[in-house]
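Subject: Structure handover

Hello,

Here is the structure for your look-through. My notes follow below it.

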Amino acid sequence: MTHTFSFPAGCPDDELQERWESLLGKSPRLVPWLDETLRSRRSQLSGRVVGVEIERVLWKEMSRWLTDFEALPSFAIAAITTTLEEKREVPAPRPERVEVVAESPERSATELEALAADPTFALAFHCVEARIKPWLTPQLPGAAWLGLLHASAPVDPQLTAATAIALVLRLSSASWQQQASETRRAALRLFHLTPADLRSPQAQKLCAPLKVSHDSLPELVATSARLRKSLPEAARLCASLVARLSKRPGGLSLLQQEGTTPATDSEVAELRETARRHTRMAGFDRLLRLV
């Protein structure tokens with residue numbers, strides 16, 4: 001192994017630690033996240049349990065995380081670790097040389113096709129197409145809207161419908177990631193404004209980096225609010241389509257949500273239409289065979 005990592009004490013199963021070692025060997029960028037997460041969980045648990053019981057709880061949680069990671073294709077693990085790394089809080093700004101390194105839209109489109117070769121992410125791609133993209137407006141480029149929504153999504157290392165959709169958003173917004181950090185920060189602040197904030201002088205100042213007019217602020221705020229609501233709606237659609245599947249192999253099994261109502265015939269028809277328009281995404285063929 002090329003990394004060093006201190007596992008919790010008292011592993012209940014040697015095979016469990018060996019599987020983690022294998023995963024970290026293939027995805028070493030998971031190490032900082034795992035180390036930080038375990039430190040945080042120890043701190044949270046220290047007020048309720050002590051000693052070996054803390055280690056038992058940590059191993060139980062690590063067992064659940066491992067099962068989720070092992071169900072993912074290697075490309076998806078790489079995408080998740082990159083997202084976790086991007087969103088980790090750091091004490092100092094990143095060096096400028098990191099700021100300028102960005103994926104090209106062409107490369108990102110290729111990676112999106114590769115991701116959607118897995119039916120789990122083909123399904124997530126469809127949910128973005130069906131529940132998020134219809135609400136985009138010309139005020140900002142589509143990649144900007146999707147990038148802002150991705151930046152607002154909660155971080156979760158486990159595969160859920162929301163996580164799968166967030167990965168699709170990330171790869172669909174490559175050109176936005178190339179914008180200056182000041183522009184992206186200003187846009188993110190605008191993205192979270194409410195109608196009550198519109199008269200604030202600070203709100204007016206945020207328009208300049210994005211080259212949007214002050215008069216367009218109400219529409220921009222309304223669109224932002226609608227897009228924020230569309231993220232959980234896309235996740236619900238994802239879960240309802242999974243409930244409609246005859247089988248749920250691989251990562252699809254992790255997208256299930258108890259009590260979810262199966263998708264309607266019209267929602268399945270939407271899925272078929274998206275598959276028809278995106279024949280290069282091989283995951284749709286496998287997905288449709290399960291409906």
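A contact, or touch, here means heavy atoms within 4.5 Å. By that rule, alanine 203 touches Leu190, Leu193, Asp197, Leu198 and Leu217, leaving out residues up to four places away in sequence.

Some ground rules before the rest. This is a predicted model, with local features needing pLDDT of at least 70, side-chain atom pairs counting only at pLDDT 80 or more, and totals for chains, interfaces and linings using all residues. Residues are numbered from 1 along each chain as its sequence is written, and side-chain values use heavy atoms, without hydrogens and water.

Overall picture

The protein chain has 16 helices and zero strands. Both are DSSP runs numbered from the N terminus: helices are H or I with at least four residues, strands are E with at least two. Of the 291 residues in the protein chain, 45% are buried. Buried means under 20% relative accessible area, exposed means over 50%, and partly exposed is in between (1.4 Å probe, protein chains only). The accessible surface of the protein chain is about 15,200 Å². Carbon and sulfur atoms hold 52% of that surface. Areas come from the Shrake-Rupley method with a 1.4 Å probe; for residues, only the protein chains shown count as cover. Take the contacts between residues at least 6 apart in sequence: 71% of them join residues at least 24 apart.

H2 against H3

Helix H2 covers residues 30-45 and helix H3 covers 52-70. Their axes come within 11 Å and cross at roughly 145°. Axes are lines fitted to C-alpha atoms, for helices over the stretch in contact, with angles from 0 to 180 degrees between N-to-C directions. From H2, the residues in contact are Leu30, Trp33, Leu34, Thr37, Leu38, Arg41, Arg42 and Leu45. They meet Ile54, Glu55, Val57, Leu58, Glu61, Met62, Trp65 and Phe69 in H3. By class, this contact has 11 nonpolar, one polar and four charged residues. Ala, Val, Leu, Ile, Met, Phe, Trp, Tyr, Cys and Pro count as nonpolar; Asp, Glu, Lys and Arg count as charged; the others, Gly among them, are polar.

Proline 32 also lies in H2. Its relative accessible area is 30%, so proline 32 is partly exposed. Its C-alpha is 9.1 Å from that of phenylalanine 5, 27 residues apart in sequence.

Cysteines

The structure holds zero disulfides (a disulfide is a pair of cysteine sulfur atoms within 2.5 Å). Cysteine 127 is in none; the nearest cysteine sulfur, that of cysteine 238, is 4.3 Å away. Cysteine 127 counts as buried because its relative accessible area is 0%.

Glutamate 270 is 143 residues from cysteine 127 in sequence, yet 9.5 Å away in space, C-alpha to C-alpha. Glutamate 270 lies in helix H15, residues 265-277. At 30% relative accessibility, glutamate 270 is partly exposed. Glutamate 270 touches His126, Ala130 and Arg131, not counting residues up to four places away in sequence.

Two more sites

Back to alanine 203. Alanine 203 sits in helix H12, residues 201-205. Its relative accessibility is 2%, so alanine 203 is buried. Leucine 193 is 10 residues away along the chain, with 8.0 Å between the two C-alpha atoms.

Glycine 10 is in the segment before helix H1 (14-26). Glycine 10 is exposed, at 63% relative accessibility. Glycine 10 and glutamate 53 are 43 residues apart in sequence and 9.8 Å apart in space, C-alpha to C-alpha.

Best wishes
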